[in-house]
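This report describes a structure by its contacts, its secondary structure and its local backbone geometry. The sequence and the coordinates are shown first.

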There are 2 protein chains.
Amino acid sequence: MSNIRKVAKLSGVSISTVSRYINKTANVKESTKIKIEKVIYDLNYVPNALARSIFSKTTFQIGLIIPTLSNPFFSEISFAIENFASIKGYSVILNIVNDDKEKEKKIIKTLIESRVDGIIVARTKHKELYENLDIPIVALENKINDKIPLLYADNWNGGRLALEHLVTCGCEKILMFVGDNKHLPIRLRKNGFMDLARESNISIATRQLFDEDENKSITELKFLFSDAELYDGIFVYNDIMAVNLIRYLSAKNLFNEIGKKINIIGFDNAIISRHMNPTITTISQNFDVLGKKSISLLINLINGECVQPISIIKTTLIKRETTKN
Amino acid sequence: MSNIRKVAKLSGVSISTVSRYINKTANVKESTKIKIEKVIYDLNYVPNALARSIFSKTTFQIGLIIPTLSNPFFSEISFAIENFASIKGYSVILNIVNDDKEKEKKIIKTLIESRVDGIIVARTKHKELYENLDIPIVALENKINDKIPLLYADNWNGGRLALEHLVTCGCEKILMFVGDNKHLPIRLRKNGFMDLARESNISIATRQLFDEDENKSITELKFLFSDAELYDGIFVYNDIMAVNLIRYLSAKNLFNEIGKKINIIGFDNAIISRHMNPTITTISQNFDVLGKKSISLLINLINGECVQPISIIKTTLIKRETTKN
DNA sequence: CTGAAAGCGCTAACAG
DNA sequence: CTGTTAGCGCTTTCAG
């Protein structure tokens, strides 16, 4: 592959002139401009961003660290992040942790070595890995420490919206499937739901589910959801589990009751919620806004600006077929 | 951020000794080793991969170019690619084209500038952008030219498997929803299905669908799928459209016929196919194998080895609730 | 408007 | 086992 020196030699000018031409960092005489242009074209020369970065101390690359891509929450958010990063001129290095702490450690090392300008890390389970990193970081969902800006959807208010909607649908026997307490957003969904229930004097039955339950077989689901059909309003902590609930009810031949006698509301507005049969009423996390905000926070950080320590993105109700109104 | 010179000075040795220590490229006396170790630790020094790459001419980064992340086919394949890339010591730069040719052009430029070691491009619509790139490339699904190795799942045989299964289920009135002919894999699915039909003297009704139809409303779906319920065996060119078909049938109150009087088989084994209600019988693309193979092809190319021009990954039948047997 | 020269952080051949 | 030196591809003073 050719380099700037070759271009300079063949154009009969100095390296610096070529550099100036490429970066438009100073005027170059029209005639030499044309000469250089031609040589660059003939040689198929492409400037080396590495050499440039070594000097400029900025790579315009950011690292994205996520637990998985199979969960639509993360694929949607990665989608949005790539989109806004690219608009702002940044490339994103995709890193999937997959519950492997050693891998997460190695990822961070590699990112630092390749001098990414910043890191966005979603729902990490190992905040200690990020404590002493001297590089701009934005945390999604899981807080790392007071110095690292945190961003998440307003799960608390989402929980309130969910109950509000069930009430609007006229539900009177309400059941909530609670997710794993170790995740802050999951906890907040519950709290929002419960806080409103208390304020409104509504009594709520609760059942506990865990992350592992997301991939259970239909037989196991029968056990998890048993008697859910006795309630007329059911809030499930995420869309995947709402999907499972629907499968359980269908297996019990209650498909036709869904959205009528049995109202169900999920959380996430995952793709599956608008494709599922029936389509699922849910609380939307507004991935686009999350992606945009995380990029803008990170870029502000990169530019040495101050950013607010916590940003909360509005959640909204998406009405579909699993609820009456 | 500190550099190798600083480390050398503080350790009281030369730059090259430090370099040797870091890369274990030659022996270093135990005592100086310890000195260097300490300084590196105190300074929180991390070697600069850019400087190293500029010399070694290799970045251990690869570019991944995909049309979207919303479609599970691409998120699953990206997942697999990241996984195997990272096992082999490569980072992946995620680039989402989103049907924007100008963006695709810019992406390629940026990747070349940052001297990625290779590119994996999935289902590109603009092969001309890749024709004259002097860099290892692996094409997924859509062929670019004879020089660029192509990799895809055995859609043709997948089509055969689909028909075979419908026949096994005893179907006699068979309908096929054909996808957009401009995509090779989609065409092959149809051909496999049809070829077996001809060999076996089975007559097949066909209907045409297009990419845009994937996101249509239920009213529009009614038009697309009208009278599909008159058939007892239906092959749909991908899982998303199979999902839509199921929603159409449910809206017509035929939910309980699915998997009984009406057998449906999709294609892709997308996540949604195992979560849908009912779960969808489908042909699996084996994302993991696709991801692994695309990485190994690319790395072979990077290492200057010869690779076969076309690789075809086996597809398999996944039986679920939408078919009888 | 242009060239010479120093330097970004690192590696490697060479000499000791 | 270690230091000196040249060089990777580029940018940017500083002169002219």
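## Surfaces near the DNA strands

Of the 26 residues around DNA strand C, those that come nearest are Ser14(A), Asn27(A), Ile4(B), Ser16(B) and Ala51(B); a residue is near a strand if its C-beta atom, placed from the backbone, lies within 6 Å of it. The model is predicted: local features need pLDDT of at least 70, side-chain atom pairs count only at pLDDT 80 or more, and totals for chains, interfaces and linings use all residues. Residues are numbered from 1 along each chain as its sequence is written, while chains are lettered from A and ligands numbered from 1 in the order in which they are written. At least two residues of the surface near DNA strand C are supplied by each of α2 (15-23) and α4 of chain A and α2 (15-23) and α4 (49-56) of chain B. Helices (H or I, at least four residues) and strands (E, at least two) are DSSP runs, numbered from the N terminus. With five residues, α2(B) gives the largest share of this surface. By class, the surface near DNA strand C holds 13 nonpolar, 11 polar and two charged residues; Ala, Val, Leu, Ile, Met, Phe, Trp, Tyr, Cys and Pro count as nonpolar, Asp, Glu, Lys and Arg as charged, and the others, Gly among them, as polar.

DNA strand D is surrounded by 26 residues, of which Asn3(A), Ile4(A), Ser16(A), Ala51(A) and Asn27(B) are the closest. Here the largest share, five residues, comes from α2(A). The surface near DNA strand D divides into 13 nonpolar, 11 polar and two charged residues.

## Contact between chains A and B

Chain A and chain B each give 42 residues to their contact, where two residues are in contact if their C-beta atoms, placed from the backbone, lie within 7 Å. On the side of chain A that touches chain B, two or more residues come from each of α4 (49-56), α5 (72-87), β2 (91-96), α6 (101-113), α10 and α11 (271-275) of chain A. The largest share of that side, seven residues, belongs to α5(A). Its residues comprise 21 nonpolar, 14 polar and seven charged.

Strand β2(A) runs antiparallel to β2 (residues 91-96) of chain B, and three bridges join them; two strands pair if DSSP finds at least two bridges between them. Ile93(A) has Ile93(B) as its bridge partner.

## The parallel sheet of chain A

Four strands of chain A form an open sheet in the order β7-β6-β8-β9, with parallel pairing. Its edge strands are β7 (204-208) and β9 (263-265) of chain A, each of which pairs on one side only. Neighbouring strands are turned by 20° against each other on average, direction ignored; axes are lines fitted to C-alpha atoms, for helices over the stretch in contact, and angles run from 0 to 180 degrees between N-to-C directions. Strand β8 (residues 233-236) of chain A pairs with β9(A) in the parallel sense over three bridges, and Gly233(A) stands opposite Asn263(A).

Two helices contact this sheet. Helix α8 (residues 184-200) of chain A touches β6 (174-178), β7 and β8 of chain A, and its direction makes about 155° with that of β6(A). Helix α10 (residues 239-251) of chain A lies across β6, β8 and β9 of chain A at about 140° to β8(A).

## Buried residues

Leu245(A) and Leu245(B) touch the most other members of the largest nonpolar core, which has 163 residues. Such a core is a set of buried Ala, Val, Leu, Ile, Met, Phe, Trp, Tyr and Cys residues joined through C-beta atoms within 7 Å. Beyond its neighbours within four places in sequence, Leu245(B) is in contact with Phe225(B), Ala228(B), Ile234(B), Val236(B) and Ile264(B).

Leu196(A) is located in helix α8 of chain A. Leu196(A) counts as buried because it has 20 C-beta neighbours inside 10 Å; a residue is buried if 20 or more other C-beta atoms lie within 10 Å of its own, exposed if 12 or fewer, and partly exposed in between, with C-beta atoms placed from the backbone. Not counting residues up to four places away in sequence, Leu196(A) touches Arg160(A), Leu163(A) and Glu164(A).

## Backbone geometry

The peptide bond from Asn277(A) to Pro278(A) is cis, with omega near -5°, and Pro278(A) is in the loop between α11 and β10 (282-284) of chain A. In chain B, the bond from Asn277(B) to Pro278(B) is also cis, with omega near -5°.

Asp99(B), although not a glycine, has a positive phi of about 65°, and Asp99(B) counts as exposed because it has 11 C-beta neighbours inside 10 Å.
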